[in-house]
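Subject: Structure handover

Hello,

Here is the structure for your work. My notes on it follow below.

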Amino acid sequence: MIKQVLFGILGGALVLTAGILIGHYGIAKSDGSREKDLDESLVHKFLSEVDNIQIEQNLRELTKVPHMATTAGDEQTVQLMLKRWQDPDSGLDQAWREEYLVYLSFPDPTKPNKVTVVNATADVLYTAREKEKVYTEDQKDPEVVQPYAAYSPPGEPKGKLVYANQGKPDDYKLLNETVDLRGTIAITRYGGAGRADKAINAAPYGVVGVLVYTDPLDINDGLMSDASETYPHSWYMPPSGVERGSFNTRYGDMLTPYLAAKEETYRIPVENITGIPPIPIQPIGFEDAEKLICELGGTEAPVGWRGAFKCTYNFGGPGFKPTSAFKDSDVKLAIFNTAGTKNSSNVMGVIRGSEEPDRYVIYGNHRDSWVHGAIDPSSGTSVMLELTRVLGRMVKKGTWRPRRSIIFGSWGAEEFGLIGSAEYAEQYFAKLSERTVAYINVDIAVFANATLRASGMPSLQNVIFKAAKQVDAPGLGATSVYDNWIRYANRTSSAHGPVPRVGYLTGAGSDYAAFVHYLGIPSMDISYTYDRSKTNARIYPAYHTAYDTFDYASKFIDPGFTSHQAIARTAGNVLIRLADSLLLPLNCSDYAESLEDYLDTAVTLYQTQMQAWKISMEPLKRAVASFRSAATHLDQVIRSSDPANETPLKVRRINDQLMLLDRAFLDPLAFPDKHAYRHVIWAPSSAGKPTFPGLADAFANAETTGQAGDWAKVHYHLSVLSQAIEGAAHTLVDVI
């Protein structure tokens with residue numbers, strides 16, 4: 001009897017407990033209590049406290065010495081980040097370093113790389129500069145690395161010189177129709193093809209070495225004189241300036257693909273590395289390039305190959321003109337680069353979330369540079385340090401803590417191939433895939449001081465717009481960053497009318513790559529940039545040179561650092577909204593609009609020929625329509641909800657649908673020839689068409705070859721795409 005009573009009491013207690021839980025979580029609240037949502041007054045407080053002078057001081061500190069990855073200067077920046085993020089008054093909840101053993105390439109400091117013109121008796125007729133010209137004390141620093149091509153193999157090739165424009169496949173094909181390229185040295189200019197591709201594309205034609213330079217037409221609007229036109233008188237690259245860089249086509253550590261590069265991790269043999277130059281390659285300044293190109297003989301190059309030099313751009317005979325002082329001479333490269341594994345550090349910091357600590361908003365930028373790196377990357381790091389100072393102080397004072405956790409990443413070895421961020425993504429793949437809301441990348445925070453530039457997943461467009469509307473554009477009174485931006489870059493949205501143009505993250509230009517392409521996390525990259533109607537510069541002219549210094553940044557890029565301040569305010573505003581809004585400010589209908597734009601382009605370009613091969617585009621059309629319907633439905637659910645009064649489980653469910661949308665577009669088998677590219681919407685494409693990348697590349701190849709097997713690949717990519725979009729649509733509906 002006693003046992004029955006006890007069981008009865010226990011059963012009643014369980015029923016009562018279940019009833020309480022159901023009442024609390026299963027129905028909308030009716031007691032007047034509300035979930036805490038974003039506090040707009042806190043956003044305004046943040047905006048008011050972001051200080052341009054603090055950013056200036058940060059940049060001055062970060063650029064005291066060169067800080068190439070794994071060097072002593074890099075370690076100084078590691079210690080600076082840790083000191084700031086562990087500050088008791090304005091630091092983060094926790095900060096630490098995360099080390100990886102990664103494969104890097106350096107020049108030999110005891111045996112500098114050389115480029116010379118030599119005659120038949122090995123006399124040296126001309127020697128290219130080994131180091132850039134000194135204009136300020138910064139260039140005198142002994143840690144300024146000689147210009148070199150990271151991952152170029154060593155070697156001492158010699159041959160007749162030819163000019164190969166930008167080193168694209170079509171450039172070498174055209175050149176080879178006129179000149180026998182076997183045994184030659186090709187000189188190419190930056191742009192058009194990736195750095196490594198200039199050598200990779202050359203090797204099949206028998207080219208034995210490659211030079212690369214920046215033509216003044218592409219970077220300086222044709223200006224060339226350091227007496228009055230270039231740095232130190234303006235922002236333009238001086239004649240001896242050389243763009244260093246990583247000459248590889250893949251991102252992440254090359255010896256540990258898909259694995260985090262820890263000390264005991266399996267490594268592939270060095271000889272199995274792909275995507276690096278098969279022949280020696282070396283960058284030089286345009287003053288040396290002019291000397292070589294203007295002496296070339298042979299046929300005159302096409303108009304599109306010509307740059308700013310005041311001479312005829314010829315293919316080369318191969319070799320120099322009969323009238324040249326270099327006639328019958330060869331160009332010789334002596335490259336002594338070495339490669340090996342070195343310890344590289346990420347510096348990580350976190351502000352723990354109060355309500356959803358297992359949901360992460362990640363904000364990152366790399367820390368390493370080629371030399372002093374004032375703009376790339378320290379403009380972004382100086383902004384990140386100011387964000388963490390302001391937010392950290394709020395946390396330490398107890399006036400604020402975000403709903404979700406914020407992770408800050410100061411990535412190492414980005415310049416060698418986005419290594420720090422890629423290794424982080426590989427090490428924490430499962431956790432990041434399941435828990436990350438969004439990634440914000442601010443690398444080069446300020447290219448120049450004209451307008452905002454942003455790229456990202458379409459779902460992030462609206463929150464970027466909202467943040468930009470709340471920030472004053474520097475030097476324009478009451479004009480907002482948004483209103484200024486729309487003047488420079490705009491488009492007409494079918495849903496919103498005229499809006500600023502937000503680009504897509506289709507390549508691997510910065511640390512967003514692993515988050516977009518490998519993890520499928522909503523990501524964005526933002527900066528202030530220049531007025532493209534006033535310059536043809538493909539990037540800020542001191543990029544990757546010894547002239548990217550505090551002096552350069554403070555005089556020519558952003559005097560007063562107010563554009564840095566505007567980026568800090570805009571990016572920080574987005575960060576707070578993603579971390580603190582009850583419902584995530586992500587919009588799947590904007591995603592639908594982008595898919596519809598891609599579909600319209602694909603139908604216009606491909607449908608007729610695909611029909612001729614009996615390949616129907618109807619599955620893709622149905623998938624995009626299904627996605628639009630599902631997105632509209634989820635929008636209606638969100639609009640009809642009162643998040644502050646909804647059950648936590650309903651809010652969490654909607655947020656998970658928004659957060660995980662991009663994961664539905666991942667297909668690990670879609671691009672077998674592209675390392676770590678799994679996102680079928682935003683992968684890079686060589687076709688150059690604003691549409692679905694796999695379909696565009698497959699179609700371009702099939703159109704060229706006409707082979708049935710290649711048209712079958714078009715059908716395959718169409719199916720991959722259609723099913724991925726249909727699958728993504730299903731994630732936006734309520735139930736199966």
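In the largest cavity, at least two residues of the lining come from each of β2 (114-118), β10 (281-283) and α8 (286-293). Helices (H or I, at least four residues) and strands (E, at least two) are DSSP runs, numbered from the N terminus. A cavity is a set of points, on a 1 Å grid over the protein atoms alone, where a 1.4 Å probe fits but cannot get out, and lining residues have an atom within 4 Å of a point.

This is a predicted model, in which local features need pLDDT of at least 70 and side-chain atom pairs count only at pLDDT 80 or more, while totals for chains, interfaces and linings use all residues. Residues are numbered from 1 along each chain as its sequence is written, and side-chain values use heavy atoms, with hydrogens and water left out.

Cavities

The structure holds 2 cavities of 30 Å³ or more. The largest has about 120 Å³ of space; a volume here is the space filled by probe spheres set on the grid points, which are joined across faces, edges and corners. Its lining has 18 residues, of which Arg-129, Glu-130, Pro-283, Ile-284 and Asp-288 are the closest to the centre. By class, the lining of the largest cavity divides into 6 nonpolar, 5 polar and 7 charged residues. The classes are nonpolar for Ala, Val, Leu, Ile, Met, Phe, Trp, Tyr, Cys and Pro, charged for Asp, Glu, Lys and Arg, and polar for the others, Gly among them.

The second largest cavity has a volume of about 50 Å³. Its lining consists of Ala-670, Phe-671, Val-680, Phe-692, Gly-694, Leu-695, His-717, Val-720 and Leu-721. Two or more of these residues come from each of α20 (693-705) and α21 (708-731), and α21 gives the largest share, 3 residues. This lining divides into 7 nonpolar and 2 polar residues, with no charged ones.

Around the largest cavity

Arg-129 is found in the loop between β3 and β4 (149-150). Its relative accessible area is 41%, so Arg-129 is partly exposed; buried means under 20%, exposed over 50%, and partly exposed in between (1.4 Å probe, protein chains only). Leaving aside residues up to four places away in sequence, Arg-129 touches Ser-240, Glu-287 and Asp-288, where contact means heavy atoms within 4.5 Å. Arg-129 and Gly-285 are 156 residues apart along the chain, and their C-alpha atoms are separated by 7.8 Å.

In α8, the buried residues are Phe-286, Asp-288, Ala-289, Leu-292 and Ile-293. They lie on the same side of α8 because they cover an arc of only 155 degrees around the axis; the arc is that of the directions from the helix axis to the C-beta atoms. The buried residues of α8 pack against β2, β3, β6 (161-163), β7 (185-189), β8 (209-213) and α7 (216-219).

Strands

An open sheet of 4 strands has the order β3-β2-β11-β5, with antiparallel pairing. Its edge strands, each pairing on one side only, are β3 (124-127) and β5 (158-159). Two strands pair if DSSP finds at least two bridges between them. The antiparallel pairing of β2 with β3 runs over 3 bridges, and Thr-116 stands opposite Thr-127 in β3.

Elsewhere, strand β1 (residues 94-106) is joined to strand β12 (residues 338-351) by 13 bridges, and the two run antiparallel. Ser-105 has Ala-339 in β12 as its bridge partner. β12 also pairs in the antiparallel sense with strand β14 (residues 404-411), over 5 bridges, with Val-347 opposite Ser-410 in β14.

Helix α13 (residues 481-488) has Val-481, Tyr-482, Asn-484 and Trp-485 buried. These cover an arc of only 165 degrees around the axis, which puts them on the same side of α13. The buried residues of α13 pack against β16 (451-456), α12 (461-469), β18 (497-500), β19 (523-529) and α16 (562-580).

Strand β17 (residues 490-493) has Arg-491 and Ser-493 on a covered face, and Asn-490 and Thr-492 on an uncovered one. A hairpin of 3 residues joins β17 to β18. These two strands run antiparallel and are joined by 4 bridges, and Asn-490 stands opposite Pro-500 in β18.

Regards

Methods:
1 Å grid on protein atoms, 1.4 Å probe; cavity = no way out; pocket = protein on both sides within 12 Å on 5 of 7 lines; lining within 4 Å.
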